Amino acid sequence: MDNPEWLFRIRKDLEKITGQVACEIWPTPKGKPYFNYRLEHVRQVERDARWLLQQVGGDEDIVLASVWLHDRFQPQLAKPDRHALLAANWIRENLAETGFPQEKINLVAYVVAMHSSEPQSLPEEDHDARVLWDADKLTKLGPLSYTNMIAVMPAFPEHVMSYGEIVRMAKDELDRRKELVELFYFPVSRKRAAQRVAAQECFLNQMRRDIAGV
Ligand SMILES: [Fe+2]
Ligand SMILES: [Fe+2]
């Protein structure tokens, strides 16, 4: 699909929103953020959503708009409970200005509102909402998960890092993420999730051996 103008606009918008906050919490002397976690997350949600759309189908406009709008009220690490609803309200009031097809706006708002819904709570007819839910959660698994875990740490300068600490964090992260695997809506998502978790396990086990000196 050619990238429509509205997609270009909502991408630029998120780059700006996330970039400003990223500069505050990960400043560098060059005035650029060391890491823009939220932007990396959303870029990956797009990759995973496009892959999932190829596998299970869905409305590309609705899913891609939802990808780029779902976390606009959660620009970095804070977890305001209402970020999904705030984004849905923003969509109803503002998305039309980007040239996005009018008749699909309410559907985008719904998909975005549902992205933080409880696992397995979306009915089958909410197909596009299921696609976003799965893509959003897939990005939290695998090497991406450990990369994020380590790369965000300069935002917590009181936290002392060491290889041992990374192993401890990686173990907690793996235990948390493992539970997600069976909760995806689509079997292809579960398969990809299992692959990613297996890679995490491999990383953790090897690093444990390495720092044990065996
Ligand atoms: Fe979110
Ligand atoms: Fe997200």
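**Domains and core**

Author: This is a predicted model. The protein splits into domain 1 (1–119) and domain 2 (140–214).

Reader: How far apart do the C-alpha centres of domain 1 and domain 2 lie?

Author: Their C-alpha centres are 24 Å apart. Eleven residues from domain 1 and ten residues from domain 2 make up the contact.

Reader: Which helix gives the most to the side of domain 1 that touches domain 2?

Author: Helix 2 does, with five residues.

Reader: How do the residues on that side of domain 1 divide into nonpolar, polar and charged?

Author: Nine are nonpolar, two are polar and none is charged.

Reader: What about interface size in general?

Author: The size of an interface is often quoted as the accessible area lost when the parts come together.

Reader: Now the core. Which residues of the largest nonpolar core touch the most other members?

Author: A nonpolar core joins buried residues through C-beta atoms within 7 Å. Here the largest has 37 residues, and Ala49, Ala65, Val67, Trp68, Val108, Val112 and Leu132 touch the most other members.

Reader: Which elements give two or more residues to this core?

Author: Helix 1 (5–25), helix 2 (37–56), helix 3 (60–69), helix 4 (83–94), helix 5 (105–113) and helix 6 (127–138). Helix 3 supplies the largest share, seven residues. Domain 1 and domain 2 each contribute at least three residues to this core.

Reader: Take Ala65. Which residues is Ala65 in contact with, leaving aside neighbours within four places in sequence?

Author: Beyond those neighbours, Ala65 contacts Ile10, Leu95, Phe100 and Val108. Val108 is also among the core residues that touch the most other members.

Definitions and conventions. Residues are numbered from 1 along each chain as its sequence is written. Chains are lettered from A and ligands numbered from 1 in the order in which they are written. This is a predicted model: local features need pLDDT of at least 70, side-chain atom pairs count only at pLDDT 80 or more; totals for chains, interfaces and linings use all residues. A residue is buried if 20 or more other C-beta atoms lie within 10 Å of its own, exposed if 12 or fewer, and partly exposed in between; C-beta atoms are placed from the backbone. Helices (H or I, at least four residues) and strands (E, at least two) are DSSP runs, numbered from the N terminus. Domain bounds come from an automatic or database domain assignment. Two residues are in contact if their C-beta atoms, placed from the backbone, lie within 7 Å. Ala, Val, Leu, Ile, Met, Phe, Trp, Tyr, Cys and Pro count as nonpolar, Asp, Glu, Lys and Arg as charged, and the others, Gly among them, as polar.
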